[in-house]
Amino acid sequence: MAALVLFCVGLLAASALHKVLARDRLAEATARLVGVGAVPGQLLLVLAGTLEFVAAACLLAAPLRLAGAVIAALVWGTYALALARRRGETLDCGCDLAARPKPVSTAQMLRAGGLALLAAAVALFPDAPLTLDAPFAAAGLLALYLGASELLAIPAPQWKAA
């Protein structure tokens with residue numbers, strides 16, 4: 001279970017950092033995804049990044065792990081709902097490190113929903129001790145997640161049509 005917690009921490013921290021480094025693109029993507037103007041989009045981006053950072057920090061502290069998991073589940077669940085509202089529309093959803101306008105797909109919604117469920121699982125399962133293998137397992141999970149994200153970004157691969 002420690003590996004799943006560390007995976008969530010890594011993904012949340014990376015997402016928060018991404019929002020800082022690519023704030024102009026992601027503020028526009030947030031505004032479009034939620035259907036608001038530029039200024040509310042910037043505020044929502046700051047709020048999302050702050051919540052991701054707080055969730056990651058809480059997940060690292062055992063007494064605050066439940067709060068961190070709940071915050072993460074709410075952030076990812078809200079993102080899944082925002083994607084569901086825009087299903088089929090072509091836009092840059094901010095899911096990737098690079099700007100990639102593409103139709104919002106079921107896979108993107110399921111990815112965000114799956115992350116929300118993972119955070120809920122972290123909240124429900126008992127704490128596990130941090131062992132030497134946990135950071136490596138978390139890094140492996142993060143690599144698999146990023147690889148799957150890149151596969152989802154392929155515009156029209158053969159395997160999607162099958």
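Guide: Before we start, a contact, or one residue touching another, means heavy atoms within 4.5 Å. This is a predicted model: local features need pLDDT of at least 70, side-chain atom pairs count only at pLDDT 80 or more, and totals for chains, interfaces and linings use all residues. Residues are numbered from 1 along each chain as its sequence is written, and side-chain values use heavy atoms, with hydrogens and water left out.

Visitor: OK, what does Thr90 touch?

Guide: Leaving aside residues up to four places away in sequence, Thr90 touches Arg32, Pro101, Lys102 and Pro103. Thr90 lies in strand E1, residues 90-91. Helices (H or I, at least four residues) and strands (E, at least two) are DSSP runs, numbered from the N terminus.

Visitor: How far is Thr90 from Val104, C-alpha to C-alpha?

Guide: Their C-alpha atoms are separated by 6.3 Å, and the two are 14 residues apart along the chain.

Visitor: Is Thr90 buried, exposed or partly exposed?

Guide: Thr90 is partly exposed, with a relative accessible area of 43%. Buried means under 20%, exposed over 50%, and partly exposed in between, using a 1.4 Å probe and protein chains only.

Visitor: Switching to helices. How do H4 and H5 cross?

Guide: The axes of H4 (residues 65-85) and H5 (residues 106-124) come within 8 Å and cross at roughly 165°. That makes H4 roughly antiparallel to H5. The axes are lines fitted to C-alpha atoms, for helices over the stretch in contact, with angles from 0 to 180 degrees between N-to-C directions. Under 35 degrees counts as roughly parallel, over 145 as roughly antiparallel, 65 to 115 as roughly perpendicular and the rest as oblique.

Visitor: And which hand is the crossing of H4 and H5?

Guide: Left-handed, meaning the near helix is turned anticlockwise from the far one by less than a right angle; clockwise would be right-handed.

Visitor: What sort of residues make the contact of H4 with H5?

Guide: The residues divide into 17 nonpolar, 3 polar and 1 charged. Here Ala, Val, Leu, Ile, Met, Phe, Trp, Tyr, Cys and Pro count as nonpolar, Asp, Glu, Lys and Arg as charged, and the others, Gly among them, as polar.

Visitor: What's Arg65 up to in there?

Guide: Arg65 lies in H4 and is buried, at 13% relative accessible area. Its side chain makes a polar contact with the side chain of Asp127 at 3.1 Å. A polar contact is a pair of N or O atoms within 3.5 Å; within protein, one must be able to donate a hydrogen and the other to accept it, and residues adjacent in sequence count only if both atoms are side-chain atoms.

Visitor: How does H1 sit against H5?

Guide: The axes of H1 (residues 2-21) and H5 come within 10 Å and cross at roughly 130°, so the two helices are oblique to each other. Leu4, Val5, Phe7, Cys8 and Leu11 of H1 meet Leu115, Leu118 and Val122 of H5. By class, that contact has 8 nonpolar, no polar and no charged residues.

Visitor: What about H1 and H4?

Guide: H1 and H4 pack at about 55°, with axes 12 Å apart. Val5, Cys8, Leu11 and Leu12 of H1 meet Arg65, Ala72 and Trp76 of H4.

Visitor: Last one: what does Ala3 touch?

Guide: Apart from residues up to four places away in sequence, Ala3 touches Ala134, Ala137, Ala138 and Leu141. Ala3 is in H1 and is buried, with a relative accessible area of 15%.
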